[in-house]
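Subject: Structure handover

Hi,

Have a look at it first, then read on.

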Amino acid sequence: MILSCQNITKAFGTDEIIKDASFHIEDHEKAAIVGINGAGKSTLLKIIVQELAPDDGLVAVAKNKTIGYLAQNQDITGERTIYEEVLSAKQPVIEMEREIRRMESEMDAVSPDGLPAFMEKYERLVLQFERADGYAYQSEVSGVLYGLGFAAQDFEKKMRELSGGQKTRVALGRLLVTKPDILLLDEPTNHLDMESIQWLENYLLNYRGAVLLVSHDRYFLDRIVTKVIEVFQHKVNSFLGNYTAYAQKKAQLRAAQLRAYYNQQQEIRHQEEVIAKLKSFNREKSIRRAESREKMLEKKERLEKPVDDFTDIHLSLAPCITSGNDVLAVEGLAKSFDGQKLFDQIDFSITRGERVALIGSNGTGKTTILKIINEIVSADAGEITLGTNVHIGYYDQEHQVLHMEKTLFEEISDAYPNLTQTQIRNVLAAFLFTNDDVFKKIGDLSGGERGRVSLAKLMLSEANFLILDEPTNHLDITSKEILEQALVHYEGTVLFVSHDRYFINKTATRILDLHEKQILNYIGNYDYYLEKRDELRTAMQTEDLEALEPSLSQENETGGRGDWKQRKAEQAQKRKLQNRLQKVEAQIEQLEEDKQAVEAEMAKPEVAVVSAEVMRLHEKLLEMDQELEQLYAQWEDLTNL
């Protein structure tokens, strides 16, 4: 065990963040901390590196083990270049190299008597240098910078000239080349494009030390981690496996807890009915039995109904009007900036009902294409044609139509006056604004928070063609899943840019890869794209696209089509089953509330003296009990599927 956290508790004022959190990390283990925004994930990391002191509990690190920490935001400045900043992490190796060179220059002047001791020291230093990969440290620094998306011409840029995202990448590079025994990474994939994320995945998979990271990138977590540490309602629980395994175990655990809760509720009702029946006999023996059962029932430990954050929130997107089958046609599109060509002769089309992901490395022009379609930027050449009755809803974090003086609630309610307070609160909660957050002024929000408000407004806009630029930025996993479900069930058309591979895999029916100034088309999800990417790029370089055309699409019945169709069918069946389960749970909950209302009505003194009304209500209760029995049976059948 290399790191142990025991009974960590932390609160800020009266706001309890973490309570009695305990977990450990083994040497070489790769683990993730997950939870909704504000759950306390970053707080845990800061406690481990002693940036924050816990109110209670203990953090223990194995003897002689080093910790390296990457925070979300970096404020590195100064005159160092990018290369010099990362190279500075190799200062101990650089000092060794200087000492070796100094000793080599003095070797000829050493007296014969002092030479053996001198050479022993020299050989020891050279061995230490070799063990530290001293001969490769410069190429290691360059390799890490290339992997994190910096080009060779970027190496000489000054730190003071960089954006916040670039500074974070430099800080990550500097941390990686120090090779600490424990890597603590807070959202390391922020500001990385897909190729850089894949490079980082491979780097961490082969990393010799332990890794503990916070990330909302589920694809990244699936590839890397073997343990998930969940922060949920101030408590911490550990699950072995990657993110998908954790999500499955979490769902199974919740189903088991619900099953136990409903079974206990059913048993309690049964016992209460037996007790009431025994008392109604009004005989001493039956009354004693009833009292004995009552005592047993009182001693029974009552299970609480398990709850998940935002489980009652479901976004529903409904286009105001159905568009024509041809939604968008792009022909011969070209664009350059400052003489630098982004893309040339781009052609693609989108039809109604498609969910198309536009992907590519940073700087290839993905966002520019979206802006050209929305007439924010003009094209150098080419035509954009929208189909009949197409109404665009556009989300771009740089162009948000928000009123700084309004509260979040007013921003939504003024734009959509027909929504109820509950509907408005549900939509805002889906985008992480809960309780008194809804009364914050737009002007007081951060850039990321304003982006989430804009996305919430767009989801309500009734557009039939959604164009989204990085819609999952600043969303936690729960909110991403809510948005995914909304888009999957959306009856309109979607074109989006995203680096979130899990999100793409869940929502996209087609992928457009902007690669080397051209568009490559894949009819399928992200997994299919990965399967065919290298094959298609090679064909493009050899100009043999026609020969490869049959294998580019999952329309082809050979190859991956069958598996893909089966996966889609299984996913659809799973969603259908989950929807039925949620519907039955809602019916049970509603019927229980209705039954309580009838029982309260029967208990009223003015009703109790009217025998006909009591009989009617009693019969109604019997009907409700029968219906509840049927619903319980349905619920158990569904949870066993």
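Predicted model: local features only at pLDDT ≥ 70, side-chain atom pairs only at ≥ 80, totals over all residues.

Residues are numbered from 1 along each chain as its sequence is written, and side-chain values use heavy atoms, leaving out hydrogens and water.

**The whole chain**

The chain has 21 helices and 18 strands. Both are DSSP runs numbered from the N terminus, with helices being H or I of at least four residues and strands being E of at least two. Along the principal axes, the C-alpha atoms fill a box of roughly 115 × 75 × 55 Å.

Of the 641 residues, 46% are buried. Here "buried" means under 20% relative accessible area, "exposed" means over 50%, and "partly exposed" is in between (1.4 Å probe, protein chains only). The accessible surface comes to about 32,900 Å², and 47% of that belongs to carbon and sulfur atoms; areas are from the Shrake-Rupley method with a 1.4 Å probe, and for residues only the protein chains shown count as cover.

Among contacts with a separation of 6 or more, 69% are between residues 24 or more positions apart. A contact means heavy atoms within 4.5 Å.

**Charges and salt bridges**

There are 78 positive and 106 negative side chains, and the centres of the two sets lie 5 Å apart. Lys and Arg count as positive and Asp and Glu as negative, with His and the chain ends not counted. Each charge is placed at NZ of Lys, CZ of Arg, CG of Asp or CD of Glu.

I get 32 salt bridges, taking one to be a side-chain nitrogen of Lys or Arg within 4 Å of a carboxyl oxygen of Asp or Glu. These are the ones I would show you:

- Glu-230 and Lys-250 meet at 3.0 Å, N to O. Glu-230 is in strand β8 (residues 227–232) and Lys-250 in helix α9 (residues 243–280), 20 residues apart. Glu-230 is buried at 4% relative accessibility, and Lys-250 is buried too, at 17%.
- Lys-335 pairs with Asp-380, with the closest N and O atoms 3.6 Å apart. The two are 45 residues apart: Lys-335 is in strand β10 (residues 326–337), and Asp-380 is in the loop between α11 (366–373) and β13 (381–386). Lys-335 is buried at 8% relative accessibility, whereas Asp-380 is partly exposed at 47%.
- Lys-457 and Glu-411 form a salt bridge at 2.8 Å, N to O. Lys-457 lies in helix α14 (residues 447–459) and Glu-411 in helix α12 (residues 408–415), so this pair ties together parts 46 residues apart in sequence. Both Lys-457 and Glu-411 are buried.
- Lys-90, Asp-133, Glu-140 and Lys-179 are linked in a network of salt bridges.

There is also a negative surface patch, made up of Asp-15, Glu-16, Asp-20 and Asp-56. Patch residues have over 30% relative accessible area and no salt bridge; like charges are joined within 9 Å, and nonpolar side chains (Val, Leu, Ile, Met, Phe, Trp, Tyr) within 5 Å. Strand β2 (residues 15–25) gives the largest share of the patch, 3 residues. Glu-16 sits in strand β2 and is partly exposed, with a relative accessible area of 30%.

**Some helices**

How many residues of helix α1 (residues 41–48) are buried? The count is 6 of 8, so α1 is mostly covered. They are Lys-41, Thr-43, Leu-44, Leu-45, Ile-47 and Ile-48. After α1 comes Gln-50, with a positive phi near 65°.

Helix α11 is largely enclosed by the rest of the structure, because 7 of its 8 residues are buried. The buried set is Lys-366, Thr-368, Ile-369, Leu-370, Lys-371, Ile-372 and Ile-373. Following α11 is Glu-375, whose phi is positive, near 65°.

Last, Glu-481 is in helix α15 (residues 477–488) and is partly exposed at 32% relative accessibility. Leaving out residues up to four places away in sequence, Glu-481 touches Arg-218 and Tyr-243. Glu-481 and Ala-430 are 51 residues apart in sequence, with their C-alpha atoms 9.6 Å apart in space.

Cheers
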